[in-house]
Amino acid sequence: MTVVEKRRVRAEGKGLSGRMFVAVTAISSVFVICGPVAAGAREDAPRSVPAGRMQFDIPEQPLGQALTTFGRQAGLQVSVDPGLVRGLQGVAVHGSLTPHQALVNLLGNLPLGYQISDGVVILRGVSEGEADAVVLPAVVVEGDVRSQSPYGPGEGYVARRSVVGTKTNAEVVKTPQSISVVTKDEIEARAAKNVNEALRYTAGVATEASGSDDRFDLISGRGFDLNEYLDGTKLLSSSSGFAVPQFDSYLFDRVEVLKGPTSVLYGSASPGGIVNLVSKRPTEDPVHEVLLRGGSDGHMEGAFDLGGPVTEDGDLLYRVTGLARRTGTQVEDTHYQRYFIAPSITWRPTEDTDLTVLLNYQYDPEAGFFNKLPVAGTGQSGVAGDIPRDFYAGDTDFDKFERSTVSVGYNFEHRFTDAVTFRQNARFLHMETDFAAIFSSGTVQADGHTLDRSAFTSDENLNNLTLDNQLEVKLATGPVDHTVLGGVDYQWLSWSQDGRFGGAPSIDFLAPDHTQAITTPPVFADQRQTQRQLGFYAQDQIEYGGWSLLLGGRIDRVGSEVENDRTGVTTKHDDYDFTGRVGLSYLFDNGLAPYVSYSESFEPTSGTDFGGGSFDPTTGRQYEVGIKYQPPGVNALVTLSAYQLTQQNVLTADPVHTGFSVQTGEIRSRGLELEGKASLTSNLSVIASYAYVDAEVTEANDGTKGKTPTGIPKHLASAWADYAFDEGNLKGLGIGGGVRYRGKSQGNNANTFQVADAVLFDAAVRYDLGALAPRLAGVQLAVNGSNLLDKEYIARCQDTGCYYGLGRTVLATLKYTW
């Protein structure tokens with residue numbers, strides 16, 4: 001089988017019909033687009049055509065007008081006899097393409113050829129003798145909803161397909177649950193350094209709750225914490241430890257948020273939803289990128305991203321991504337330092353089999369710090385004034401956080417037929433952490449400026465394995481189409497901790513001493529935890545006309561064992577849980593898709609009650625209604641949703657036995673979310689979002705019934721716009737700007753004070769130096785700023801303290817792609 005035949009079979013296997021194939025061949029420097037093409041008529045493409053991809057936005061229109069639009073967007077002159085194109089219609093072209101690819105799609109199956117010479121496109125008619133024999137695959141437009149990869153970077157700011165909501169290649173607009181996707185273009189436009197920053201403009205998602213304390217991705221949505229997944233499987237960690245995997249956003253092509261309960265597909269999970277991180281994967285198109293970045297707080301960074309085919313037939317692809325970074329923070333005497341390398345390879349032994357292996361090694365010699373400050377002097381006025389935002393409550397000789405992570409995983413897919421596909425995703429992760437901190441205990445002495453402190457250390461090891469097997473079958477029962485998915489997944493976690501806790505000398509924030517004598521604290525934890533989860537799930541996506549019905553169910557067995565070497569006590573617990581899901585949507589021809597859904601979740605709860613009994617898992621139930629809008633011919637997606645989400649079996653204080661808990665708590669969250677993302681043209685991309693959440697403790701034994709949990713802003717809103725100039729004196733210049741609003745939130749469980757709201761402004765400017773000189777093609781200089789007005793605000797408060805939000809940060813990036 002030839003390379004061309006292999007690629008055609010693969011395209012057809014991905015759902016592209018034969019009608020999507022056109023003939024593309026070169027005769028000397030003349031391209032022919034006319035159905036079949038004469039064998040042996042192929043030569044290299046003309047070298048005068050720009051080889052790089054660019055954004056095209058050409059609506060369906062008379063061919064003459066379409067060619068004029070193409071010429072303007074491609075930077076080429078077009079010469080054509082008006083009589084040759086009179087009465088002909090051009091095909092709409094939207095997406096990231098090379099000029100050759102865009103022109104091929106624009107002409108479609110018309111009997112026209114073109115020649116390019118010195119930046120001029122000359123069209124001509126094609127004789128019948130040039131039209132037979134070999135058929136080559138059409139160029140697939142990345143913006144076409146049928147062809148866009150559910151794992152890829154998306155098109156502009158919009159991803160139309162995703163697997164996160166169904167574990168199948170599904171259209172986001174048809175999925176009856178709210179989904180947000182942050183594409184690679186959006187991540188790069190805002191120079192997001194981590195997952196928190198990548199999700200800043202996502203509707204209903206609250207990030208950076210700990211300010212510059214970036215040890216973990218603390219992300220919440222709909223009033224609850226969100227769990228993180230990597231390539232569809234959970235990043236497991238102990239609920240009481242510091243060995244929590246955290247990865248850099250430079251590793252990912254997209255970041256997805258599935259909002260609300262997700263247990264039917266993913267097992268134990270928070271009722272608020274999940275964040276799925278999608279790794280950069282090997283691609284058929286070569287990828288070459290290196291960058292240098294520097295800026296505020298002594299930020300220094302270098303990174304590279306390389307990939308492409310290893311063999312000419314495209315059966316073996318590779319990609320390798322790496323980064324080195326060291327930076328200070330807005331808090332004195334604190335730093336972050338990170339190194340990672342992530343190679344991956346894709347092997348296609350047959351037309352129907354794909355295996356991608358993904359490896360990652362990450363070492364964080366300085367992984368962060370703990371700097372929660374007392375409420376008095378931050379969230380509330382202090383006797384001696386406010387504690388400075390840059391104040392460090394720790395000890396430079398004692399504090400450390402060193403972390404190393406190694407993971408290896410694979411994604412395997414085999415298509416038995418066009419209707420039957422088997423997939424298996426697996427990952428093993430090993431992590432070691434060494435954490436020590438002197439931190440504020442949350443109390444201030446009578447003078448108002450001396451803080452009480454504690455000492456804490458934790459040496460931890462984490463191992464986990466995730467395995468997900470899926471069998472997908474497509475079938476029809478009369479006029480009704482089914483995509484049936486059955487799966488078995490397995491999760492295993494092993495975690496150990498040696499921890500110490502005790503008192504530490506106080507510190508005066510008016511005259512701090514960060515190098516005091518610290519006594520090694522006594523041991524408080526010497527424990528090992530093992531957890532296993534086995535789940536069986538089934539799902540049916542049913543389509544009839546514009547109707548889409550989603551049905552799903554799952555049963556899980558979760559077993560855990562905790563060995564406490566200090567007490568000699570071993571605690572074991574097993575849970576069996578069933579969760580369900582149902583959703584219905586209807587997609588109108590105008591792009592509107594109203595939907596309604598119900599979904600459930602469960603999450604194991606660690607610990608025991610006064611009688612030694614294990615706690616049941618918390619359970620979640622959500623009712624959601626909404627409407628999605630994907631206007632035809634426009635690269636945009638708007639989602640409006642309303643929901644009621646209830647979590648039960650929440651731990652509350654035991655009213656009889658002090659220091660113990662009972663499961664009588666319940667939290668209810670109601671809200672509204674609106675999000676719109678659009679890349680309206682090749683120049684302009686916009687984002688707008690708003691979320692309202694009303695969270696309330698509806699059952700409790702500790703006096704908090706009727707109260708709002710801490711750290712949940714009632715209102716969140718944001719807007720961002722990005723514009724790139726492609727002609728005139730400003731050609732090569734791109735500018736972007738955004739505003740974020742973080743509403744008020746409760747500062748303690750008793751709701752006696754609120755954390756003030758904040759408005760933050762961000763901006764970006766970039767310039768493609770190739771617009772100045774051709775020899776600089778591929779070189780881009782960008783400057784990004786966040787919280788430009790250096791607004792001082794509190795990100796979150798709890799009973800035990802508060803965190804300052806991030807101040808102004810400015811970063812400059814020099815990037816070269818080729």
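Okay, let's start with Leu-429, which stands opposite Asn-464 in strand S27. Strands here are DSSP runs of E, at least two residues, numbered from the N terminus. Before I go on: this is a predicted model, where local features need pLDDT of at least 70, side-chain atom pairs count only at pLDDT 80 or more, and totals for chains, interfaces and linings use all residues. Residues are numbered from 1 along each chain as its sequence is written, and side-chain values use heavy atoms, with hydrogens and water left out.

So, the strands. S26 (residues 420–444) runs antiparallel to S27 (residues 450–477), with 22 bridges joining them; pairing takes at least two bridges by DSSP. Five residues sit between the strands in that hairpin, and Gly-448 has a positive phi near 85 degrees. On to S28 (residues 480–508), also antiparallel to S27 and joined to S27 by 27 bridges. Here Leu-471 stands opposite Gly-486. This hairpin has two residues between its strands, and Gly-478 in the turn shows a positive phi of about 65 degrees.

Now Lys-280, in the loop between S19 (273–279) and S20 (287–295). Is Lys-280 buried or exposed? Buried, at 5% relative accessible area; the cut-offs are under 20% for buried, over 50% for exposed, partly exposed in between, with a 1.4 Å probe and protein chains only.

What does the Lys-280 side chain reach at 2.9 Å? That's the backbone oxygen of Tyr-250. Counting heavy atoms within 4.5 Å as contact, Lys-280 also touches residues including Phe-252, Arg-319 and Leu-358.

Technical notes: Helices (H or I, at least four residues) and strands (E, at least two) are DSSP runs, numbered from the N terminus. A polar contact is a pair of N or O atoms within 3.5 Å; within protein, one must be able to donate a hydrogen and the other to accept it, and residues adjacent in sequence count only if both atoms are side-chain atoms. Lists of a residue's contacts leave out its neighbours within four places in sequence.
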